Amino acid sequence: MSIITVVAFYFILWWLTFFAVLPIGVRTQGENDDVTLGTVSSAPSKPMIWRKMAATTVLSAAILGVVYAAVIYGGLSFEDVPFVPDFD
């Protein structure tokens, strides 16, 4: 795996993990009965973005480490990924 492949995979993995982590632990303004004027009640009251970004960074690095180890030591390659067959 080249460094460009690893960086590209980490970038995509980070965003996928970030969107999976975003809704964890969110309480809406409506649930807290503290709706700010001009916002909807479903808006998060304390989104804790920096904490979620840090958790995403650690989690995606761990996932990347497992995938990298599987590619380097386990013999996993792109040929193992099933693709749509050619219907010639």
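These legends describe close-up views of a predicted model.

**View 1. Helices α1 and α2 pack against each other.** Helix α1 spans residues 3-21, and helix α2 spans residues 49-72. Their axes lie 8 Å apart. The angle between them is about 130°. The crossing of the two helices is right-handed.

**View 2. Residues at the contact of α1 with α2.** Helix α1 contributes Val6, Phe9, Tyr10, Leu13, Trp14, Thr17, Phe18 and Val21. Helix α2 contributes Lys52, Met53, Thr56, Thr57, Leu59, Ser60, Ala61, Ile63, Leu64, Val67 and Tyr68. By class, the contact has 14 nonpolar residues, four polar ones and one charged one. Lys52 is the charged class here.

**View 3. Thr56 of helix α2.** Thr56 is one of the α2 residues that make the contact with α1. Is Thr56 buried or exposed? Its relative accessibility is 0%, so Thr56 counts as buried. Setting aside neighbours within four places in sequence, Thr56 is in contact with Trp14, Thr17, Phe18 and Val21.

**View 4. Lys52 of helix α2.** Which residues does Lys52 touch, leaving aside neighbours within four places in sequence? They are Val21, Leu22, Pro23, Ile24, Val26 and Pro47. Thr17 is 35 residues from Lys52 in sequence. In space, the two are 9.9 Å apart, C-alpha to C-alpha.

**View 5. The stacked pair Trp14 and Phe18.** Five aromatic pairs turn up in a search of the whole structure. In this pair, the ring centres are 5.0 Å apart and the planes meet at 15°. The pair is therefore stacked, because planes under 30 degrees apart count as such. Both residues lie in helix α1. They are four residues apart, about one turn of the helix. Trp14 and Phe18 are both buried.

**View 6. The tilted pair Phe18 and Phe19.** The ring centres of Phe18 and Phe19 are 6.0 Å apart. Their planes stand at 55°, so this pair is tilted. Phe18 has a relative accessible area of 9% and is buried. Phe19, at 53% relative accessibility, counts as exposed. Which residues form the aromatic cluster? Trp14, Trp15, Phe18 and Phe19 form one cluster.

**View 7. Asp33 and Met48, two positive phi values.** Most residues other than glycine have a negative phi. Asp33 is not a glycine, yet its phi is positive, about 55°. Met48 likewise has a positive phi, near 55°, in a residue other than glycine. Where does Asp33 lie? Asp33 is in the loop between α1 and α2. Met48 lies in the loop between α1 and α2 too. Asp33 has a relative accessible area of 71% and is exposed. Met48, with a relative accessible area of 34%, is partly exposed.

**View 8. Pro44 in the loop between α1 and α2.** Pro44 is partly exposed, with a relative accessible area of 37%. Not counting residues up to four places away in sequence, Pro44 touches Val26, Arg27, Thr28 and Gln29. Val71 is 27 residues from Pro44 in sequence. The C-alpha to C-alpha distance of that pair is 39 Å.

**View 9. Gly25 in the loop between α1 and α2.** Gly25 counts as exposed, at 55% relative accessibility. Gly25 and Ser77 are 52 residues apart in sequence. In space, their C-alpha atoms are 36 Å apart.

Definitions and conventions:
Residues are numbered from 1 along each chain as its sequence is written. This is a predicted model: local features need pLDDT of at least 70, side-chain atom pairs count only at pLDDT 80 or more; totals for chains, interfaces and linings use all residues. Side-chain values use heavy atoms; hydrogens and water are left out. Axes are lines fitted to C-alpha atoms, for helices over the stretch in contact, and angles run from 0 to 180 degrees between N-to-C directions. A crossing is left-handed if the near helix is turned anticlockwise from the far one by less than a right angle, and right-handed if clockwise. Contact means heavy atoms within 4.5 Å. Rings of Phe, Tyr and Trp (its six-membered ring) pair if their centres lie within 6.5 Å; planes under 30 degrees apart count as stacked, over 60 as edge-to-face and the rest as tilted. Buried means under 20% relative accessible area, exposed over 50%, partly exposed in between (1.4 Å probe, protein chains only).
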